[in-house]
Amino acid sequence: MVAPERSNGLAAGPVLEARNVSKTFDGTIRALQNVSVTINEGEIVGVLGENGAGKSTLMKILGGGAAFLAGLCAGTWASQDELSRLWKSDRVFEPKMDEARREELYAGWKRAVERSLAWAQSE
């Protein structure tokens, strides 16, 4: 079976995927715990949360992960095992937002995206 192709000719599938990402700072502060992200071609993704919830940490990890993979492809590192030895946690943050507040903020974000898409399409 041949995988369907993207518009750029590459095999279809996620353009970015990370599974069970965790980050701890100073061994005591948990920023992320088992966060998984899959982004497919053409998707628009937002990350919501209170200050200290781990949004920036996740973005830095995803960006750093891309850099590590590029280095692996370029031969900077010999193997994924070598990369695993280089990767370490610094701090961990525990989000304290209750689910109702998170859902309220998420609903507001979705409304804002819908409005901005309508605005962009009207030009």
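These questions and answers cover a predicted model of one chain.

Local features need pLDDT of at least 70 and side-chain atom pairs 80 or more, while totals for chains, interfaces and linings use all residues. Residues are numbered from 1 along each chain as its sequence is written, and side-chain values use heavy atoms, without hydrogens and water.

Reader: In what order do the elements of the chain run from the N terminus on?
Author: Elements here are DSSP runs, numbered from the N terminus: helices (H or I, at least four residues) and strands (E, at least two). The chain has three helices and two strands. Their order is β-β-α-α-α.

Reader: Is Thr57 buried or exposed?
Author: Thr57 sits in helix H1. Contact means heavy atoms within 4.5 Å. Leaving out residues up to four places away in sequence, Thr57 touches Lys23, Phe25, Ala31 and Leu32. Buried means under 20% relative accessible area, exposed over 50%, partly exposed in between (1.4 Å probe, protein chains only); at 13%, Thr57 is therefore buried.

Reader: What is the relative accessible area of Val47?
Author: Val47 lies in the loop between strand E2 (29-40) and helix H1 (55-74). Val47 counts as partly exposed, because its relative accessible area is 37%.

Reader: How far apart in space are Pro14 and Glu43, C-alpha to C-alpha?
Author: Pro14 belongs to strand E1 (residues 14-25). In sequence, Pro14 and Glu43 are 29 residues apart. In space, C-alpha to C-alpha, the distance is 9.9 Å.

Reader: What percentage of the residues of the chain count as buried?
Author: The chain has 123 residues. The buried share is 16%.
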